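Please look over the sequence and the model before reading on. The paragraphs below go through a few places in it, one after another.

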Amino acid sequence: MIHPLWLRITHWSNALAVAILTASGWRIYNASPFFDITFPPEVTLGGWLGGALQWHFAAMWLLGTNGLIYLTANLATGRLRRRFYPLPLGHVWRDMLQAFRGKLAHSDPAHYNAVQRAAYLFVIADTVLIFLSGLVLWKSVQFPVLRELMGGYETARRIHFVGMTALVGFVAVHIVMAALVPRTLRAMFRGR
Ligand code: HEM
């Protein structure tokens with residue numbers, strides 16, 4: 001078994017949660033943008049600010065519960081260490097160059113290359129950061145220490161936005177890679 005059932009379930013519920021959070025988050029941002037850009041209403045979710053907030057908070061629980069299960073199971077089974085460690089930085093660079101030359105082996109879903117390891121660890125950390133900055137935006141009075149660590153409410157908004165942008169960038173590349181190497185996609189559905 002390459003991907004245990006709990007991993008596949010948490011992965012796909014996570015993808016669903018991130019899709020809902022992103023589309024409804026764009027609608028919430030549009031109601032009070034802090035950059036020159038806004039998102040086209042057609043790609044947002046919720047219809048209006050109130051509706052988008054409802055979607056956002058509902059998917060927040062899915063992401064939080066799911067992330068907790070994923071991280072706890074990964075740590076408890078020792079899978080995190082097996083799949084993602086070691087990660088020498090030199091290998092990330094070497095594998096990246098090989099990938100650009102079209103020579104990187106990516107067809108064995110039982111083993112992640114250094115670029116995959118780095119990308120997955122990055123997105124896990126990024127999701128945690130988005131979640132924590134989101135807690136500050138949701139309950140800023142109840143999480144004062146977290147709010148101050150984030151540099152205050154307004155800075156937390158920017159951190160949340162930049163984290164979202166990085167996550168969307170990851171997902172775009174991630175989907176292209178999964179389409180280019182369908183074996184990995186099959187394994188994420190069937191487990192092997
Ligand atoms: C529709 C969208 C998505 C597709 C088609 C997809 C597909 C896949 C596939 C095929 C793998 C296995 C890769 C391999 O074995 O080489 C994988 C792993 C992974 N994906 Fe996705 N994914 C999607 C969305 C996401 C999202 C939204 C996130 C993060 C927020 C994410 C994070 C990860 C992580 C962290 C792993 C490694 C999991 C582990 O082994 O512990 N994916 N994904």
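This is a predicted model: local features need pLDDT of at least 70, side-chain atom pairs count only at pLDDT 80 or more; totals for chains, interfaces and linings use all residues.

Residues are numbered from 1 along each chain as its sequence is written, and side-chain values use heavy atoms, with hydrogens and water left out.

Start with the metal. Which protein atoms are donors of the iron atom of the ligand? They are NE2 of His 11 and NE2 of His 174, lying 2.0 Å from the iron. Donors here are N, O and S atoms within 2.8 Å of the metal (3.2 Å for Na, K and Ca); water is not among the atoms, so sites may look incomplete. The iron atom of the ligand has six donor atoms, with angles of 81 to 180° among them, and its site is octahedral. For six donors, that word requires opposite donors over 155 degrees apart and all other angles between 65 and 115. The two histidines link distant parts of the chain, since His 11 is in helix H1 and His 174 in helix H7, 163 residues apart. Helices are DSSP runs (H or I, at least four residues), numbered from the N terminus.

Buried means under 20% relative accessible area, exposed over 50%, and partly exposed in between (1.4 Å probe, protein chains only).

Helix H1 also holds Ile 20. Ile 20 is buried because its relative accessible area is 17%.

In the segment before H1 is Pro 4, which counts as partly exposed at 22% relative accessibility. The C-alpha atom of Pro 4 is 9.9 Å from that of Ala 187, although the two residues are 183 apart along the chain.

Another proline, Pro 86, has its place in the loop between helix H3 (79–84) and helix H4 (89–100). A cis peptide bond joins Tyr 85 to Pro 86, with omega about 0°.

Now turn to the lining of the second largest pocket. Helix H1 (5–31), helix H2 (49–76), helix H5 (114–138) and helix H7 (153–180) each supply at least two residues to this lining. H1 gives the most, with eight residues.

Key
Four donors count as tetrahedral if all angles lie between 85 and 135 degrees; four count as square planar and six as octahedral if opposite donors are over 155 degrees apart and all others between 65 and 115; anything else is irregular.
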